[in-house]
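Subject: Two-chain model, handover and notes

Dear colleague,

Here is the structure you are taking over.

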Amino acid sequence: MEMIVFVLASAMVLVGAVGVIVRRNPVHAALSLVLTLFGVAVHFVALEAHFLAAVQIIVYAGAIVVLFLFVIMLLGVDKAEDLSIEPFPIQRPLAGIVGLGIAGLIIAAIVRGRDALREAGEPLASDGDQNVQALARNLFEDHVFAFEFTSVLLIVAVAGTVLLTRKVKKPTAGGKAAE
Amino acid sequence: MTAVVLAAVPTTTYYLVLAAILFAIGAVGVMVRRNPLVMFMCIELMLNAVNLSFVALATRFADIDGQTAVFFVMVVAAAEVVVGLGIIISILRRRPGVNADDLAELKG
């Protein structure tokens, strides 16, 4: 049963990922990204990371992809891109080789590191209900300073983006210029 | 045969290999696509691959720290998308229809 879930979710992830890089229309690429993100959320559920699965759906599929689609619509770039034009003819074969190299190197490292996984013994039986409590305890006891700093990061990002995308108008337009 | 498939349990290695493939697809996407928005989506793919391996190893070693790391990666990814899309908007507003290859003013 777990294997079936794994295979189906992996198929979602890989089909979506390939869709992101081969679809010509940016809107289709964004929707393929949603498929990948849902597949990763299914993997999170299978790995008993329930809170992260919910956050994955809400933040990634809900907020980030909507932001992407919003920008695509705002800029009107939702027309299909012509992928047959290649400014550097050797770029795609080289990228394919580099991609295969990256995957090969990481997989080789995983295969070599399998002994470490085996030596760690059997995985502990986790009680799924405790996931949120355990995560909260870890976050608010051990990593509370990092958690507070993320709020600073978010404020800085929001303020910086508002400043960055402001239209510079004549001074009288003042308050209405910001988006 | 069916019983074997049903009884099989995906080990941590399976998840790590899947994450490696996902990361490589994202990296290839950044290298071949020229639309800045699609390049950003490929960066999200790579971040998700790393998240997946974090969660797989956190479950394997029953250590919740890995899931906390994923939480922070998600926060940083959200902030990164906001700032990156802001930059893309301010570039494309000035020069509509531009792609990443055309932004070469700083080229030496």
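Predicted model: local features only at pLDDT ≥ 70, side-chain atom pairs only at ≥ 80, totals over all residues.

Residues are numbered from 1 along each chain as its sequence is written, and chains are lettered from A and ligands numbered from 1 in the order in which they are written.

The chains

Chain A has seven helices and zero strands, in the order α-α-α-α-α-α-α from the N terminus. Helices and strands here are DSSP runs (H or I, at least four residues, for a helix; E, at least two, for a strand), numbered from the N terminus. Of the 179 residues of chain A, 21% count as buried. Buried is used for a residue with 20 or more other C-beta atoms within 10 Å of its own, exposed for one with 12 or fewer, and partly exposed for anything in between, with C-beta atoms placed from the backbone. Among the contacts in chain A between residues at least 6 apart in sequence, 50% join residues at least 24 apart. A contact means that the C-beta atoms of two residues, placed from the backbone, lie within 7 Å.

Chain B has four helices and zero strands, following the pattern α-α-α-α. Its radius of gyration is 19 Å, well over the 13 Å that the globule rule gives for 108 residues, so chain B is more spread out than a compact globule. The radius is taken over C-alpha atoms, and the rule is 2.2 Å times the number of residues to the power 0.38. Along the principal axes, the C-alpha atoms of chain B fill a box of roughly 60 × 35 × 25 Å. In chain B, 46% of the 108 residues count as buried. Of the contacts in chain B between residues at least 6 apart in sequence, 47% join residues at least 24 apart.

Where the chains meet

On the chain B side, 63 residues are in contact with 69 residues of chain A. Helix H1 (2–7), helix H2 (12–32), H3 and H4 of chain B each supply at least two residues of the side that touches chain A. The largest share of that side, 20 residues, comes from H4(B). By class, the side of chain B that touches chain A has 46 nonpolar, twelve polar and five charged residues. In this count Ala, Val, Leu, Ile, Met, Phe, Trp, Tyr, Cys and Pro are nonpolar, Asp, Glu, Lys and Arg are charged, and the others, Gly among them, are polar.

Helix H3 of chain A

H3(A) has 26 residues and reaches 36 Å from its first C-alpha to its last, close to the 38 Å expected at 1.5 Å a residue; the expected span is 1.5 Å times one less than the number of residues. A kink of about 25 degrees is centred on Gln56(A), the bend at a residue being the angle between axes fitted to the seven residues ending there and the seven starting there. Gln56(A) is also one of the buried residues of H3(A), which include Leu52(A), Tyr60(A) and Phe68(A). The cover over these buried residues includes H2 of chain A together with H3 and H4 of chain B. Just after H3(A), Gly76(A) takes a positive phi of about 65 degrees.

The core

The largest nonpolar core has 60 residues, and those with the most contacts inside it include Val20(A), Ala19(B) and Leu52(B). Such a core is a set of buried Ala, Val, Leu, Ile, Met, Phe, Trp, Tyr and Cys residues joined through C-beta atoms within 7 Å. The largest share of this core, 14 residues, comes from H3(B). Leaving aside neighbours within four places in sequence, Ala19(B) is in contact with Ala49(B), Leu52(B) and Ser53(B).

Single residues

Glu48(A) lies in the loop between helix H2 (26–46) and helix H3 (50–75) of chain A, and Ala62(B) in the loop between helix H3 (36–60) and helix H4 (65–94) of chain B. Glu48(A) counts as partly exposed because it has 18 C-beta neighbours inside 10 Å; Ala62(B), with 13, is likewise partly exposed.

Regards
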